[in-house]
Amino acid sequence: MPTFTFLCNPSRLETSTTKVKSNEIGQEVINEALQIHGAIGYMKDSPIKYLYRWVRGWKIAGGTGEV
């Protein structure tokens with residue numbers, strides 16, 4: 001009977017790589033949205049501002065991107 005432990009327990013390298021890549025993509029998307037919307041995208045109640053701060057916070061809290 002084959003074991004599929006790799007499906008249940010991804011390696012630390014895979015987990016770290018996925019975390020870094022998803023954060024980079026999120027940052028690129030939010031930066032592009034801010035460029036498109038300009039200053040309006042960073043106004044007080046803008047959802048883009050909320051997402052920018054959220055993604056930026058995860059980038060800082062997530063630690064180093066050097067894998």
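Here are some friendly notes on the structure above, point by point.

1. **Ground rules.** This is a predicted model, in which local features need pLDDT of at least 70 and side-chain atom pairs count only at pLDDT 80 or more, while totals for chains, interfaces and linings use all residues. Residues are numbered from 1 along each chain as its sequence is written, and side-chain values use heavy atoms, with hydrogens and water left out.

2. **Overall make-up.** The protein has three helices and zero strands, and its pattern along the sequence is α-α-α. Helices here are DSSP runs of H or I with at least four residues, strands are runs of E with at least two, and both are numbered from the N terminus. Of the 67 residues, 16% are buried; buried means under 20% relative accessible area, exposed over 50%, and partly exposed in between, with a 1.4 Å probe and protein chains only. The accessible surface comes to about 5,900 Å², and carbon and sulfur atoms hold 63% of that. Accessible areas come from the Shrake-Rupley method with a 1.4 Å probe, and for residues only the protein chains shown count as cover.

3. **Contacts along the chain.** Among contacts with a separation of 6 or more, 50% join residues 24 or more positions apart. A contact here means heavy atoms within 4.5 Å.

4. **Helix H2.** This helix covers residues 12-37, and its 26 residues should span 38 Å at 1.5 Å a residue; the end C-alpha atoms are 38 Å apart, which agrees. The expected span is 1.5 Å times one less than the number of residues. Its buried residues are Val-20, Asn-23, Gln-27, Ile-30, Ala-33 and Leu-34, and they pack against helix H3 (47-61). Just after H2, Gly-38 takes a positive phi of about 65°.

5. **Asn-23, a polar residue worth a look.** Asn-23 sits in helix H2. Is Asn-23 buried or exposed? Asn-23 counts as buried because its relative accessibility is 16%. With neighbours within four places in sequence left aside, Asn-23 is in contact with Val-55, Trp-58 and Lys-59.

6. **The loop between H2 and H3.** Ser-46 lies in this loop and counts as buried, at 12% relative accessibility. Not counting residues up to four places away in sequence, Ser-46 touches Ile-40 and Gly-41.

7. The 15 residues of H3 should span 21 Å at 1.5 Å a residue, and the end C-alpha atoms are 21 Å apart, in agreement. Which residues of H3 are buried? They are Ile-48, Lys-49 and Val-55. Seen down the axis of H3, these buried residues fall within an arc of 135°, so they line one face of the helix; the arc is that of the directions from the helix axis to the C-beta atoms. The buried residues of H3 pack against H2. On the face turned away from the buried side are the exposed residues Pro-47, Tyr-50, Arg-53, Trp-58 and Ala-61.

8. **Lys-49.** This residue lies in helix H3 and is buried, with a relative accessible area of 17%. Leaving aside neighbours within four places in sequence, Lys-49 is in contact with Gly-41, Tyr-42, Met-43 and Lys-44.

9. **The nonpolar patch.** Tyr-50, Leu-51, Trp-54 and Trp-58 form a nonpolar patch on the surface, with about 500 Å² of accessible area together. Patches are made of residues with over 30% relative accessible area and no salt bridge, like charges being joined within 9 Å and nonpolar side chains (Val, Leu, Ile, Met, Phe, Trp, Tyr) within 5 Å. A salt bridge is a side-chain nitrogen of Lys or Arg within 4 Å of a carboxyl oxygen of Asp or Glu.

10. Leu-51 lies in helix H3 and counts as partly exposed, at 36% relative accessibility. Trp-54 also lies in helix H3, and at 47% relative accessibility Trp-54 counts as partly exposed. The C-alpha atoms of Trp-54 and Gly-26, which are 28 residues apart along the chain, are separated by 10.0 Å.
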